[in-house]
Amino acid sequence: MNADSAGQIPLVSIITPVYNRADYLAETIESVLAQTFHNWELLIIDDGSDTDDSRRISEIYCKRDARIRYYYESHGGISAARNHGISRARGKYLALLDSDDRYLPQGLEILVNALQAAAEPVKLVYANFIKYFQTEDRFQPTRVQPPKPRPGLYLQFMIPGGNPVAPSASLAERSVIQDIGGFDSSFDGLEDRELWSRLVRKYEIAHVAQQVAIYRKHSNQITDPKNRAAKRLLNDKQAYTFFSALPLESWFPQAKAPKSQAKALDQLALVLLKRSNPPVDTALYLLRLAQLKSPTRQRKIFLADLETKIPGILREQFCCEKRFNIPNV
């Protein structure tokens, strides 16, 4: 059944933000039209495209299929664009398809069936996907990790590289996304991980062990190596914001005594420091908090040495000394 008339409410609202992405947009839209599941609407939110044919391509498809709607907004970033789409969505479920990705033919059908069959607490499902490395013209099937029991679930969305949910391979209840406030428009990168980190504080998620989408890797993304400095700052902002939003016992439920809490904080800080694009200021915050909980001479020396070395590390590895400002413990 198609949601092809104004009187019929679609089950799934697909939000596709676009910003000067005409080179991939038609392929993305065609992948929606090719779905075996038909009860959808596609909302293309143009985030102020001004150098290509994104508008023209979108309007051609709007004339071709009444389920496709196009909206032009002034440039505000991907989070703002997605929020514009969410505010206009009518479906019970929200799908987030980026304008450089595409669905596999049964992608939506798999996600809808999984979410409808899930237990009541589950409000988001996510699936495996295929990475397409554009410069190499190479496909790589990807199996993402299922959700871990809390607090491991929290760590999946705090530690860089741990996020298993690709927007284009996920489906959520629209009411839940609205309940947690939608996307944080101060994030113009890693905005999906930030959103999921708020969602998992209140709701359950589930993994679908099937491939549903193709995720394109190319040089214009925040995940591209040339954007490492910006991504490192976003990692710091997201990690600290998430950590500080929950009480310490939520992160370390087995650590009751201050000494045990300090040890857990030390271990988490070291994990963060070892990641690519490490959130160094969040790690420093955790170490200072550990020192406050249970002071040791060894940690004091380590902290002082680390604080001395960090500017040089940032210059050498990221060509940028910019730091994320975190309040003192």
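**A predicted chain, its fold and one buried serine**

The secondary structure of the chain comes to 12 helices and 9 strands, where helices (H or I, at least four residues) and strands (E, at least two) are DSSP runs numbered from the N terminus. This is a predicted model, in which local features need pLDDT of at least 70 and side-chain atom pairs count only at pLDDT 80 or more, while totals for chains, interfaces and linings use all residues. Residues are numbered from 1 along each chain as its sequence is written, and side-chain values use heavy atoms, with hydrogens and water left out.

Trainee: Where does S99 lie, and is S99 buried or exposed?

Mentor: S99 is found in the loop between β4 (93-96) and β5 (102-103). Buried means under 20% relative accessible area, exposed over 50%, and partly exposed in between (1.4 Å probe, protein chains only). Because the relative accessible area of S99 is 4%, S99 counts as buried.

Trainee: Which residue has its backbone oxygen 3.2 Å from a polar atom of the side chain of S99?

Mentor: Contact means heavy atoms within 4.5 Å, and, not counting residues up to four places away in sequence, S99 touches T16, P17, V18, R21, Y24, L25 and T28. The backbone oxygen that lies 3.2 Å from a polar atom of the S99 side chain belongs to P17.

Trainee: At what angle do helix α8 and α11 pack?

Mentor: Helix α8 covers residues 228-245, and its axis and that of α11 are 7 Å apart. Axes are lines fitted to C-alpha atoms, for helices over the stretch in contact, and angles run from 0 to 180 degrees between N-to-C directions. On that basis, the angle is about 35°.

Technical notes: A polar contact is a pair of N or O atoms within 3.5 Å; within protein, one must be able to donate a hydrogen and the other to accept it, and residues adjacent in sequence count only if both atoms are side-chain atoms.
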